[in-house]
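Dear colleague,

I am handing over the structure below, and my notes on what was found in it follow directly after.

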Amino acid sequence: MIVRDAESVLRACLESVRGVFDQTIIVDTGSQDRTIEIAKEFGAETYEVPWADSFSVARNESIRHAKMDWILWLDADDTLPSSSAKAIRDTVNRATERQIAFILPVQGVRPDEAQGTRVYHIKLFRNLPGVQFERRVHEQVLPSLQALGGNIGRINAAMVLHSGYDRSAAGQEAKRARDRRLLLLDLKEQPGDAFTLFNLGATEYQAESYRAAIDWLQKCVKVSHKAGSHLPRAYALLGLAHHRIGANDKALLAFDAGIAAVGPHPTLLFDSATVLAHVSRFRDARLRLLAISEDTSWSPDSFDPAIFGTRRSFLLGVVSQELGRHRDARQHYLDVLRLEPGHIRAAIALFNVARTQGDGETMSLAVDAVSNSQGYSEVWAELEMERLTAAGADAERSMREMIDSNPDAIGPIYCVVKYLLDRAEYDEAEPLLKRLNALGHAQSAYVLGLIAESDGESDAARSWFERATTLDPCHEDAQSKLVRDSS
């Protein structure tokens with residue numbers, strides 16, 4: 001592990017691996033806080049080295065002190081669930097001599113998201129002579145492993161949780177500025193290096209500087225060897241960058257060029273299908289999706305395995321629905337929910353397909369999927385009302401009965417409120433809106449502001465609009481009201 005000024009996260013990381021590994025090595029590149037002290041509390045071997053503008057230099061220093069047969073590298077803001085630790089130990093114990101490394105999923109953990117971003121890294125490898133990281137940033141151990149030969153596999157039963165990723169605009173820009181600087185140093189040392197060009201393109205793509213991304217990525221694919229694991233991703237990002245600026249014809253040409261260069265790679269097939277669906281070429285999109293196969297010959301770090309699961313199934317559902325293949329669409333959405341029961345978009349799409357077919361049983365399945373994931377949310381309540389109405393039931397009465405038995409259920413309350421507001425029954429709606437407000441429902445505060453405004457109560461209206469923006473700082477309608485009142 002390499003660290004610097006990591007006192008806020010290091011303790012959780014080391015606690016998660018306490019007693020799991022035979023040796024813990026921490027290389028510090030210049031901490032000014034209690035990082036080293038915390039590391040020593042956990043019995044870690046600590047080494048201090050100056051920051052050399054290179055993540056690889058620091059990582060290789062940590063490898064230099066490793067004495068065990070296998071090495072697992074982590075970041076200071078990673079944690080390892082106990083089940084993952086067991087899966088890693090089990091994998092190492094039964095690994096054959098030909099197995100020299102394993103890829104693990106790294107799951108981003110964010111408090112504001114049900115599920116963060118997932119990436120895949122070679123996290124576990126044998127401690128063999130010649131194994132080392134290279135490059136100043138986006139450091140890679142793969143080339144040295146490939147030079148040794150052997151197999152690189154996956155450990156699907158293990159996962160590293162990454163919780164310290166700075167998603168703020170300032171944090172992201174600082175990271176991109178650092179990466180650009182280090183990548184340009186790499187490029188100066190290795191002019192025309194394909195992987196560096198790829199990472200420069202990827203950095204600009206993440207910065208939404210799509211034209212700059214296109215320039216770097218075009219240079220990358222020109223000089224890349226077909227065996228490079230980055231090449232499919234380079235063509236994919238090139239296509240997506242064209243798509244982002246509205247050049248969909250060029251996007252599809254980039255995807256096709258990638259497929260011609262490297263073959264039917266899962267990423268290229270999936271991303272091209274996404275753009276084909278965007279331009280309403282649904283039959284072509286469906287064919288691309290059906291062509292995706294779990295070919296184990298692809299470099300194992302060059303694609304997201306979810307392409308074989310929820311992502312492909314959901315997009316197949318969308319294109320099948322557009323093609324009028326409702327039975328197929330139903331099955332694809334059910335496949336998504338089987339793999340990811342909390343996939344709300346799939347549940348809503350399944351409901352809509354079932355509604356067009358008058359399939360009450362499947363509508364109920366979709367409603368249940370939402371309630372199992374979100375409880376009695378607004379989404380659940382709206383779908384349930386549609387289901388009840390389609391079945392000829394009194395939806396409003398059912399929602400009122402739900403409120404009686406679940407007085408804090410936001411969805412049913414808000415649905416009844418909307419019935420009342422549609423009938424201009426504001427006096428009856430107001431106490432329900434205030435109940436929602438007490439439950440932290442921003443839209444209800446905004447509606448109370450509108451009612452107060454219509455009654456000529458400007459101070460009360462402003463207070464409600466302020467309450468709405470407190471509950472939801474991104475509530476644009478409430479913000480507009482406050483700006484207008486201030487002008």
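Which residue of strand 3 does I25 stand opposite? I25 stands opposite E45 in strand 3.

Before going further, please note that this is a predicted model, in which local features need pLDDT of at least 70 and side-chain atom pairs count only at pLDDT 80 or more, while totals for chains, interfaces and linings use all residues. Residues are numbered from 1 along each chain as its sequence is written, and side-chain values use heavy atoms, with hydrogens and water left out.

Strand 2 (residues 25-28) and strand 3 (residues 45-48) pair in the parallel sense over four bridges, where strands (E, at least two residues) and helices (H or I, at least four) are DSSP runs numbered from the N terminus, and pairing requires that DSSP finds at least two bridges between the strands. Together with helix 2 (residues 35-41), strand 2 and strand 3 make a right-handed β-α-β unit, right-handed meaning that, with the strands pointing away from the viewer, the path from the first strand over the helix to the second runs clockwise.

The structure holds nine aromatic pairs, counted when ring centres of Phe, Tyr and Trp (its six-membered ring) lie within 6.5 Å, with planes under 30 degrees apart taken as stacked, over 60 as edge-to-face and the rest as tilted. One of them joins W73 and F133 edge-to-face, at 6.0 Å centre to centre and 90° between the planes. This pair links distant parts of the chain, since W73 lies in the loop between strand 4 (70-72) and strand 5 (78-79) and F133 in the loop between strand 7 (118-126) and helix 5 (142-148), 60 residues apart. W73 is buried at a relative accessible area of 12%, and F133 is buried at 5%, where buried means under 20%, exposed over 50% and partly exposed in between (1.4 Å probe, protein chains only). F125 and F133 also form an edge-to-face pair, at 6.1 Å and 70°, and W73, F125 and F133 form one aromatic cluster.

As for helix 15 (residues 344-356), its 13 residues should span 18 Å at 1.5 Å a residue, and its end C-alpha atoms are 19 Å apart, which agrees; the expected span is 1.5 Å times one less than the number of residues. Among the buried residues of helix 15 are I344, L350, F351 and V353, and what covers its buried residues includes helix 13 (310-322) and helix 16 (360-374), by contact of heavy atoms within 4.5 Å. Just after helix 15, G358 takes a positive phi of about 65°.
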